[in-house]
Amino acid sequence: MKLTATITVKGDPGQLREYRSHVRLLLEEEGADSYRELHAETQLEYEFKLRGGIPFPPFVEASQAFPELTIEVRWTESAEGRTGGAIIQNGALREQAAHAHAPAGTVLQDARAEADGRLRLALVCERWREAWLGYAIAADQHAFFRIAGTEKDCELSASDGVEAEWAERWSVKPGRTAYSEIAPREPIAPEALRELDRIAQGFTREWIWFEESPPEETAIERRRFEDYGYPVRAANLRSEKLRQVLRPDAEGLALSSFGEDTRWIAELLRRCWLRSGDAER
């Protein structure tokens, strides 16, 4: 396997300096493959490009002496389209997980960016009862959405940002699409809102970072964007997604887990919701 792994260590700056020295010695003893270090005051980050397994042992062993530090591991196996992660703390490896970019079941994702890193549109949705619930985000707009019906006859509802109300609606029939603002706005049912919050938070944790987030939390991403020459927008795809996961397409970079029978959902969001936002701007 060809693996790309990112290991991030967070905690007290003084402990981070000591941890860095400790883990460097252990990596040298193990003869670890070449790696890149990109550190900030409150965070250490190591990037590995590997042909074998991830070098967990030095980081696990070093963490025994620094139990208050949290070590997060994220890896990508691009040939198989798989990613995974783990948390190391107090000398133990925990919360390991792995998944494919095109997961089985009803969870679907689609992400697209310009060649300069600008987020065009990223979305995630899940089948929920008789509809699809999801979250869509572009460089300067985002919304919850609900789709009920089929490709030829459906209704798309969207919120204004992540407000708990449906604000606009598109009705799709054969040969025509009708748009309307919802007035008064319709409250999103509490159970559906909980699902939408869960979907959106899980997706943004993995895929998105925001310009308005505290600098200390996004220092690495800001440094990487500067190194890569990417302008920072209100919402941005994480640099590891741009560099390691998305693949070139005719318009820039893209990744999708939508199949032939569900591709219309992503196309509907691009044609209706995204175009509506572009028109308003």
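A: Tryptophan 209 counts as buried, at 3% relative accessibility; buried means under 20% relative accessible area, exposed over 50%, and partly exposed in between (1.4 Å probe, protein chains only). This is a predicted model, in which local features need pLDDT of at least 70 and side-chain atom pairs count only at pLDDT 80 or more, while totals for chains, interfaces and linings use all residues. Residues are numbered from 1 along each chain as its sequence is written, and side-chain values use heavy atoms, with hydrogens and water left out.

Q: In which strand is the place of tryptophan 209?

A: Helices (H or I, at least four residues) and strands (E, at least two) are DSSP runs, numbered from the N terminus. Tryptophan 209 belongs to strand β14 (residues 208–210).

Q: Which residues does tryptophan 209 touch, not counting residues up to four places away in sequence?

A: Contact means heavy atoms within 4.5 Å. On that basis tryptophan 209 touches Thr218, Glu221, Arg222, Phe225, Val232, Ala234, Ala235, Asn236, Leu237 and Arg238. The C-alpha atoms of tryptophan 209 and asparagine 236 are separated by 5.4 Å, although the two are 27 residues apart along the chain.

Q: Why is helix α2 largely enclosed by the rest of the structure?

A: Helix α2 (residues 56–63) is largely enclosed because 6 of its 8 residues are buried. These are Phe56, Pro58, Phe59, Val60, Ala62 and Ser63.

Q: Is threonine 262 buried or exposed?

A: Threonine 262 has a relative accessible area of 10% and is buried. Threonine 262 lies in the loop between β17 (252–256) and α6 (263–280). Leaving aside neighbours within four places in sequence, threonine 262 is in contact with Leu108 and Trp132.
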